[in-house]
Amino acid sequence: MTAATLPAEGSVSVRLWLDGKTGAGTIICRAEVATRRPRAVAALVGRRTDEAVRLAPLLFSLCGTAQALAVARACEAALGIDAGAQETARNLLTDAEALDSHGWQAVVEWPARLGAPPRPAALRGLRQAVSAVMPALYPGKDGLRPGGGGLRPDAAALRDALDRMNGWLAAEVFAGAPPRDADDLARWAGLGASDAARLAARLLHPELASWGAGGTSLLRESRPDWFAAALAGDPAFATRPRHDGGPALTGPLERQAAHPLVVSVTDRFGDGLARLFAARLADLAELPRRMEAAIAGLCPAEPAMAAGRAGQAPGSGCGVAETARGRLAHWLRLDEAGRIADARMVAPTDWNFAADGPLARGLAGARVRGRDDAAERARLLVAMLDPCVACGIEVHE
């Protein structure tokens, strides 16, 4: 399959209606969020497991490592393969990829929200460090397959890559140490030493700090069995996921809700843009710490093989992986020949940009100053939720 024949990944469209001037000012009286995502996962049907894992990063242009690992984990569950010895290394790979994704936001999307030119060239150093992680774990670069690869961690090379990532964050995002609480965040924002700090200053403005509050529950569920039951039991779950009967938010805020910076910002400003941005900063600060702990816990391992399924036909399974944007899950069912007979997935964008999800709830009823202000505030909220596809915004009066 060539890149030219791969299915398009779709888009998110946002349509807002303003009620005009009222005693309380202009409000968004109606917000429609529609996600158009061709089911690229259908291209996995008919493939063998190794082929499906190789194809996954080509089907989805972002978070390719997480996509491949979620498919690999689903295949392992269906084949009865225990790859637990590979999991620390695998999490290190997805954490490095998440850091790269956050980094892109910091030097491309965040400057755009300030009216400044994007700085993609600034990503070079970060991406060189991130690309060094796979060969430092798997010399054969075979870690992304069912059962894993020949894990031979090179601790010195991994620590060198991590040092370079930390250096990049210190120079390009934090211009020093990450802020620790709401007071520290305000001081850091006031210095304006990076695009991130200047965006923080904007989002801490009284008119914006608590704007976009949607009150959506956090997606606390991460068990593959739960996602398997949801995806296998209802094909519509992939396009309209529900948790406890309603929409849910996944991503940095869900992961970092208990972080001291996020707790402090929430106490001061409540829900809204400031809280979402604080969570992204906390995620950026915590990823290298988690990677450092993972490096210390690595051990060599061989690829895992199927065991304990003698006389049993291949079954079904679900794999879950974390991305910068949130939790990703792939479910698949194998036929008797070991080929994929059915495949379904639910991605972070499916949660955060659902018709009644966090974006829609944050926009509906929000106060704005007019059409242009509504569009720009919506762009800020979209940037904080970070869809994996392009997003268009229309405002009607």
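Tutor: Let's start with a term: a residue is buried if it has under 20% relative accessible area. Keep in mind that this is a predicted model.

Student: Okay, how many residues of strand β7 are buried?

Tutor: Six of the seven residues of β7, which spans residues 340–346, are buried, so the strand is largely enclosed by the rest of the structure. Strand β5 (residues 316–323) is mostly covered too, with six of its eight residues buried.

Student: Which strand pairs with β7, and in which sense?

Tutor: First the general idea: strands of a sheet pair through backbone hydrogen bonds, either parallel or antiparallel. Here β7 pairs with β6 (residues 326–334) in the antiparallel sense, over six bridges. To find the pairing on screen, look for Trp331, which stands opposite Arg344 in β7. The two strands form a hairpin with five residues between them, and Gly338 in that turn has a positive phi of about 85 degrees.

Student: In what order do the strands of the open sheet of four come?

Tutor: Read across the sheet, the order is β8-β2-β1-β9, with mixed pairing. At the edges stand β8 (367–368) and β9, each with a single partner strand, so one side of each is left without a neighbour in the sheet. Further in, β1 (residues 11–18) and β2 (residues 26–36) run antiparallel with eight bridges between them.

Student: Now the rings. What is the arrangement of Trp110 and Phe277?

Tutor: In general, a pair of aromatic rings is described by the distance of the centres and the angle of the planes. For Trp110 and Phe277 the centres are 4.9 Å apart and the planes are at 70 degrees; an angle over 60 counts as edge-to-face, so that is what this pair is. The pair links distant parts of the chain: Trp110 belongs to helix α3 and Phe277 to helix α12 (residues 273–296), 167 residues apart. Both Trp110 and Phe277 are buried.

Student: Which aromatic cluster includes Trp226?

Tutor: Trp226 forms one cluster with Phe227, Phe237 and Trp351. Within that group, Trp226 and Phe227 make an edge-to-face pair, 4.9 Å centre to centre with 85 degrees between the planes. Phe227 has 0% relative accessibility, so this residue counts as buried. By the pairing rule, the count comes to five aromatic pairs.

Student: What sits over the ring of Trp17?

Tutor: That would be the charged end of Arg30, 4.2 Å from the ring's centre.

Student: Last one: what is the volume of the largest pocket, and what lines it?

Tutor: The idea is simple: rolling a probe the size of a water molecule over the atoms shows where empty space is left. Here the largest pocket comes to about 650 Å³. Its lining has 30 residues, and the closest to the centre are Leu62, Asp100, Ser101, Arg127 and Arg325. Elements giving two or more residues to the lining include α2 (64–79), α4 (124–131) and β9 (390–396). The largest share, eight residues, comes from α3. By class, the lining has 16 nonpolar, six polar and eight charged residues.

Notes. Residues are numbered from 1 along each chain as its sequence is written. This is a predicted model: local features need pLDDT of at least 70, side-chain atom pairs count only at pLDDT 80 or more; totals for chains, interfaces and linings use all residues. Side-chain values use heavy atoms; hydrogens and water are left out. On a 1 Å grid over the protein atoms alone, a cavity is a set of points where a 1.4 Å probe fits but cannot get out, and a pocket is an open set with protein on both sides within 12 Å along at least five of seven lines; lining residues have an atom within 4 Å of a point. Grid points are joined across faces, edges and corners, and a volume is the space filled by probe spheres set on the points. Ala, Val, Leu, Ile, Met, Phe, Trp, Tyr, Cys and Pro count as nonpolar, Asp, Glu, Lys and Arg as charged, and the others, Gly among them, as polar. Buried means under 20% relative accessible area, exposed over 50%, partly exposed in between (1.4 Å probe, protein chains only). Two strands pair if DSSP finds at least two bridges between them. Rings of Phe, Tyr and Trp (its six-membered ring) pair if their centres lie within 6.5 Å; planes under 30 degrees apart count as stacked, over 60 as edge-to-face and the rest as tilted. A charge sits over a ring if NZ of Lys or CZ of Arg is within 6 Å of the ring centre and within 35 degrees of the ring normal.
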